[in-house]
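Keep the sequence and the 3D view open as you go.

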Amino acid sequence: MYIEVIKHSKKWITLSTISFIIFLGMFLVKGLNYGIDFTGGSLIQLNYTNNITLTDINKELDELAVEIPQLSSTARKVQVSQADNNVIIRTAEMSDKETEKLLTNLQTLGDYKLERAEKVGATIGEELKTSAIYALTIGGLLIVLYITMRYEFKFAIAGILTLLHDVTAALGVIALLGYEVDTPFIAAILTILGYSINDTIIIYDRIRESLRKKSDLTFGEVLNKSLNQVLVRSINTSVTTLLALVAILVFGGDSLRTFTTTLLVGIGVGTYSSIYISTPLVYLFEKKRDDKYEPKKDDDDDNSHPEEKIVV
């Protein structure tokens, strides 16, 4: 399999720019559904043994809101999954006594199993949000530094723009789906950074090796040949990973849904971007090298100093 990527660089970059704008729009319009890890508050998850509806839950909460203001209709968020009778209630931070009263009253709707009851202070939530931003920023800067030292600065710019596309795609899809964002979500984003840049660096390594060899190819042809040499390997690695993530998504339960979906989107888009964004960007940044590219000769082919060669 041999594909012409560099020949259509402008088309791929245009397509990727359009997709980036769409993902960014999804993120900005919908916004992320921050969990209590970031906003602070109380979260209660119940699994009823009988059928339960959103109307039943809201009616009970409205009655309790007279005594517990955090349960008012404007201050709470309620999710009900009728497929498995799962109920998730998010509110402003409640005391242990208020939480106990809520759980007691909800028993009037039927027997349930308490899946989790969590409480996070608003201050801790803000600290976690700030720490997450720092982690992503520092990770990005270290990646730029590493690629600049190992290759060239323009390679680093292409790599970081590729990562920006991948992360924006993951943020946009999660925002559109309305999944709750918690601390494992940040771990997923950092994983996407590492996985995507790994694919890109494999291609960059092959490009660097090819540029050191004697060749009659132009700079663009060298890039395209290098990309195709590692194409199958990149795709096979990504498909294997995606299959494992699909299994986790299907059997992992709701607690891993956001984490797994983020990785699925990020790694899937990252495979595309490492092929159709990073290398075309390098070509566009260095397109002038097509005219003056002079492949480096191997040492064995260098006859400029015959006196240094020893004949036995």
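**Exercise 1.** What share of the residues in the protein chain is buried?

*Solution.* Start with the term: buried means under 20% relative accessible area, with a 1.4 Å probe and protein chains only. Of the 312 residues in the protein chain, 43% are buried. Keep in mind that this is a predicted model, where local features need pLDDT of at least 70, side-chain atom pairs count only at pLDDT 80 or more, and totals for chains, interfaces and linings use all residues. Residues are numbered from 1 along each chain as its sequence is written, and side-chain values use heavy atoms, leaving out hydrogens and water.

**Exercise 2.** How many helices and strands does the protein chain have, and why is it called more spread out than a compact globule?

*Solution.* First, count the elements, which are DSSP runs: helices (H or I, at least four residues) and strands (E, at least two). The protein chain has 10 helices and 6 strands. Next, its radius of gyration is 27 Å, well over the 20 Å from the globule rule for 312 residues, so the chain is more spread out than a compact globule. The radius is taken over C-alpha atoms, and the rule is 2.2 Å times the number of residues to the power 0.38. Finally, the C-alpha atoms fill a box of roughly 95 × 40 × 35 Å along the principal axes.

**Exercise 3.** How far apart are the end C-alpha atoms of residues 155–284?

*Solution.* UniProt, in an unreviewed entry, places "domain: SSD" at these residues, 155–284; such annotations may be inferred rather than shown by experiment. The end C-alpha atoms lie 11 Å apart, and the span is 87% helix and 2% strand.

Note on methods. Buried < 20%, exposed > 50% of the residue type's maximum accessible area, 1.4 Å probe, protein only.
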